[in-house]
Amino acid sequence: MPDTYSHGHHESVLRSHSNRTIANSAAYLEPHLRPGLDVLDVGCGPGTITVEIADRVAPGKVIGVDVAQDAITAALTLDSPVEFRVDDAYNLAADDESVDVVHAHQVLQHLTDPVAALREWKRVLRPGGIVAARDSIYSSKNWFPKDPMLDRWLELYHQLTDANNAEDDAGVYLPHWAAEAGFDDVTYSGSMWAYADPVSRSWWGGLWADRARYSSFATQSVEYGLTTTDELEEIAAAWLRWAAHPSSSFVVVHGEIIATKQ
């Protein structure tokens with residue numbers, strides 16, 4: 001079946017993606033970046049990580065690709081020498097052994113065949129090049145204070161990604177998928193996002209309240225018969241309650257791989 005992106009590209013989703021930087025989303029990759037490397041950023045979204053990578057590897061060439069034109073349109077508003085274009089993660093418009101790094105942030109968790117994508121990324125790598133991939137582990141998400149409607153949010157997200165034939169716990173599968181794709185040299189690590197101060201709580205809770213109402217998470221969940229608009233309103237209200245609590249916290253755990261092509 002074709003891939004279906006469970007989040008979509010509503011403003012609330014791009015708001016989240018536009019907050020991503022090397023520091024908060026690709027610190028594990030930074031030691032591997034140096035001037036002169038050519039990089040392909042797969043699933044680049046609005047391009048905020050991509051342009052920082054370009055700064056690190058200049059004068060190397062950096063290309064950011066995404067299957068969604070909306071994401072590429074957002075990326076093209078950035079002032080950067082990066083080439084942004086629509087492309088297919090399974091069938092890249094790139095020559096064999098043409099790049100030194102393939103980077104993918106929270107991409108494999110949305111693909112129906114992540115091993116096939118990793119094989120394709122391996123194809124375009126030069127010998128000694130790396131795939132750097134980072135993905136969430138949704139079952140490890142945790143928060144305080146507890147709220148049954150946030151429990152329902154996570155249950156619903158699992159149901160939606162199952163319906164889309166995607167793996168929302170991709171972060172723990174990364175080493176296995178890389179081995180299946182033919183990588184013999186894989187380094188695994190983990191990191192997290194944490195939201196516990198007033199500004200980050202308001203931002204995180206607000207964007208998820210909007211995603212519960214307006215994004216593809218909402219429309220697909222209703223379309224598939226997994227929930228109702230009334231329940232989604234309750235979930236959105238729970239996110240705002242969480243954000244307003246004076247000592248609330250939320251953690252998002254990620255797995256990361258550096259897979260080297262021999």
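This is a guided tour of the structure above, one selection at a time.

**Before you start**

The model is predicted, so local features need pLDDT of at least 70 and side-chain atom pairs count only at pLDDT 80 or more, while totals for chains, interfaces and linings use all residues. Residues are numbered from 1 along each chain as its sequence is written, and side-chain values use heavy atoms, with hydrogens and water left out. Helices (H or I, at least four residues) and strands (E, at least two) are DSSP runs, numbered from the N terminus.

**Stop 1: the largest pocket**

Select Y5, D66, Q106, V107 and H110. Of the 38 residues lining the largest pocket, these are the closest to its centre. The volume of this pocket is about 640 Å³. Here a pocket is an open set of points on a 1 Å grid over the protein atoms alone, where a 1.4 Å probe fits and protein lies on both sides within 12 Å along at least five of seven lines; lining residues have an atom within 4 Å of a point. Grid points are joined across faces, edges and corners, and the volume is the space filled by probe spheres set on the points.

Now colour α1 (11-17), β1 (39-42), α3 (48-57), β2 (62-66), β4 (99-105) and α8 (198-214): each gives the lining at least two residues. By type, the lining has 15 nonpolar, 15 polar and eight charged residues. In this count Ala, Val, Leu, Ile, Met, Phe, Trp, Tyr, Cys and Pro are nonpolar, Asp, Glu, Lys and Arg are charged, and the others, Gly among them, are polar.

**Stop 2**

Most residues other than glycine have a negative phi, and most peptide bonds are trans. Q106 sits in the loop between β4 and α5 and is buried, at 10% relative accessibility. Buried means under 20% relative accessible area, exposed over 50%, and partly exposed in between (1.4 Å probe, protein chains only).

Next, pick N165, in the loop between α6 and α7. N165 also has a positive phi, of about 60°, but this residue is partly exposed, with a relative accessible area of 41%.

For cis peptide bonds, zoom in on A58 to P59, with omega near 10°; P59 belongs to the loop between α3 and β2. The bond joining F144 and P145 is cis too, with omega about 0°, and P145 is in the loop between β6 (142-144) and α6 (148-163).

**Stop 3**

Show residues 114-124, helix α5, whose buried residues are P114, V115, A117, L118, E120, W121 and V124. They pack against β1, β4, β5 (125-136) and α7 (170-180).

W121 is also one of the residues with the most contacts inside the largest nonpolar core, alongside L40, V42, L92, V102, L108 and V131; this core has 29 residues. Helix α5 gives the most to this core, with five residues. A nonpolar core is a set of buried Ala, Val, Leu, Ile, Met, Phe, Trp, Tyr and Cys residues joined through side-chain atoms within 4.5 Å.

Centre on V131. Leaving aside neighbours within four places in sequence, V131 is in contact (heavy atoms within 4.5 Å) with V102, L118, W121, L125, F183, I257, I258 and A259. Apart from this core lies another, of 27 residues, including L150, W153, W239 and V252.

**Stop 4: salt bridges**

The whole structure has 15 salt bridges, each a side-chain nitrogen of Lys or Arg within 4 Å of a carboxyl oxygen of Asp or Glu.

E120 is buried at 10% relative accessibility, whereas R123 is partly exposed at 25%.

Then select E256 and R134, whose closest N and O atoms are 3.1 Å apart in a salt bridge. E256 lies in strand β8 (residues 249-260) and R134 in strand β5, so this pair ties together parts 122 residues apart in sequence. Both E256 and R134 are buried.

Finish with R241 and D147, joined by a salt bridge (2.8 Å, N to O). R241 is in helix α10 (residues 229-244) and D147 in the loop between β6 and α6, 94 residues apart. R241 is partly exposed, with a relative accessible area of 45%, while D147 is buried at 11%.
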